[in-house]
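This report describes a protein model in terms of its sheet, its core and a few individual residues. The sequence and the structure come first.

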Amino acid sequence: MRRAKAGEIGSLTQIRASWHRNNSWRRPVPAGVSDRQINWRLYRDSSAGLMTELATHQLQVGNWFFDAVPTRVMGSGSICFWKDGREIYDHVALIYEYAGGRKLIYTSLLNNARYGCEEQIQGSKGTIEPELGRIFQEVPPKVLALQRMQKDVARGKKRAVPIGGATWFPELPVTTPGESLGWGEYDETMLQFEGFGEAVRANKPLPGLLAQAYAASVASLLGEQAMDRGEALTWPTSLVTI
């Protein structure tokens, strides 16, 4: 967070976040209890599914880095793979808009774990990936062969010019190893334990923690409503002040 605030990755314009798993969330139901008691996460009267179980955590990260709450959200949700009588979505895709045109693009699904849980904080000069603990700088674009030849001629240089090579370079993901954020043995779990310990010793709550959790919860529920209604929803103006 400090490195982003210091401008190391330039102006923050987009955050990509996802939490992908490959399991149904359905648990075996023992004798003497109901399916809704055991598999409460799959039903609307007791769960908002992926949005409140997973998305809330990453929406809070987005609010941290943007230092704001969303202004509007739109999205699509579906029961796409696990057609087993559940009521909550197993696949969601949303766009959260923030002031200045900034966006958080969020996806979550339950039938492919390839990309798992990740956030990509994208700025004009680089990207921070907190889950990997790494920071990546933007790579200068490649120069097309004819443009390179033109510059060589102007400088009086000569070198082979490929005549059968590609004139268009696919813009593939950056594959540089990046730089460690320097977390070492500290991960988010350890930091949370330390923060909790400090709060107990000082007998004072962590500053802003309740407000951050509240805003992330509102964002997740607003996203659920946007998907249910099939329309973009603006941030509520009549929220309780925390």
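Predicted model: local features only at pLDDT ≥ 70, side-chain atom pairs only at ≥ 80, totals over all residues.

## Strand pairing in the sheet

Strands E3 and E4 run antiparallel to each other and are joined by seven bridges. Within this pair, Glu97 has Lys103 of E4 as its bridge partner.

Opposite Arg16, the residue in E5 is Gln120. Strands in a sheet pair through hydrogen bonds of the backbone, in parallel or antiparallel fashion.

## The sheet as a whole

The open sheet contains nine strands, ordered E8-E7-E6-E5-E1-E4-E3-E2-E9, and its pairing is mixed. At the edges are strand E8 (179–180) and strand E9 (233–234); each has a single partner strand, so one side of each has no neighbour in the sheet.

Helix H3 packs on the sheet and touches E1, E3, E4 and E5. The direction of H3 makes about 160° with that of E1. Helix H6 also packs on the sheet, where it touches strand E2 (72–78), E3 and E9. Between the directions of H6 and E2 the angle is about 60°.

## The nonpolar core

The largest nonpolar core is made up of 38 residues. Val92, Leu94, Tyr96 and Tyr106 are the residues with the most contacts inside it. Two or more residues of this core come from each of E1, helix H3 (50–66), strand E3 (91–97), strand E4 (103–109) and helix H6 (209–229). H3 contributes the most, with eight residues. In soluble globular proteins, nonpolar side chains tend to be buried together.

What does Val92 touch, not counting residues up to four places away in sequence? The list is Leu50, Met51, Ser76, Gly77, Tyr106, Thr107, Ser108 and Met227.

## His20

His20 belongs to strand E1 (residues 12–20). Is His20 buried or exposed? Its relative accessible area is 12%, which is under the 20% limit, so His20 counts as buried.

The side chain of His20 makes a polar contact of 2.9 Å with the side chain of Thr107. With neighbours within four places in sequence set aside, the residues in contact with His20 are Thr107, Ser108, Leu109, Asn112, Ala113, Tyr115 and Gly116.

## Cysteines

How many disulfides does a search of the whole structure find? The search finds zero. Cys80 has a relative accessible area of 44% and is partly exposed. Cys117 is likewise partly exposed, at 27% relative accessibility. Both values lie between the 20% and 50% limits, so neither Cys80 nor Cys117 counts as buried or exposed.

## Gln147

Gln147 is located in helix H4 (residues 145–155). Its relative accessibility is 41%, and Gln147 therefore counts as partly exposed.

Gln147 and Tyr106 are separated by 41 residues in sequence, and their C-alpha atoms are 38 Å apart in space. Tyr106 is one of the residues with the most contacts inside the largest nonpolar core.

Definitions and conventions
Residues numbered from 1 in each chain as written. Heavy atoms only, no water. Helix = DSSP H or I, 4+ residues; strand = E, 2+ residues; numbered from the N terminus. Buried < 20%, exposed > 50% of the residue type's maximum accessible area, 1.4 Å probe, protein only. Polar contact = N/O pair within 3.5 Å; in protein donor to acceptor, adjacent residues only side chain to side chain. Contact = heavy atoms within 4.5 Å. Core = buried A, V, L, I, M, F, W, Y, C linked by side-chain atoms within 4.5 Å. Pairing = 2+ DSSP bridges. Axes fitted to C-alpha atoms, helices over the stretch in contact; angles between N-to-C directions. Disulfide = S-S within 2.5 Å.
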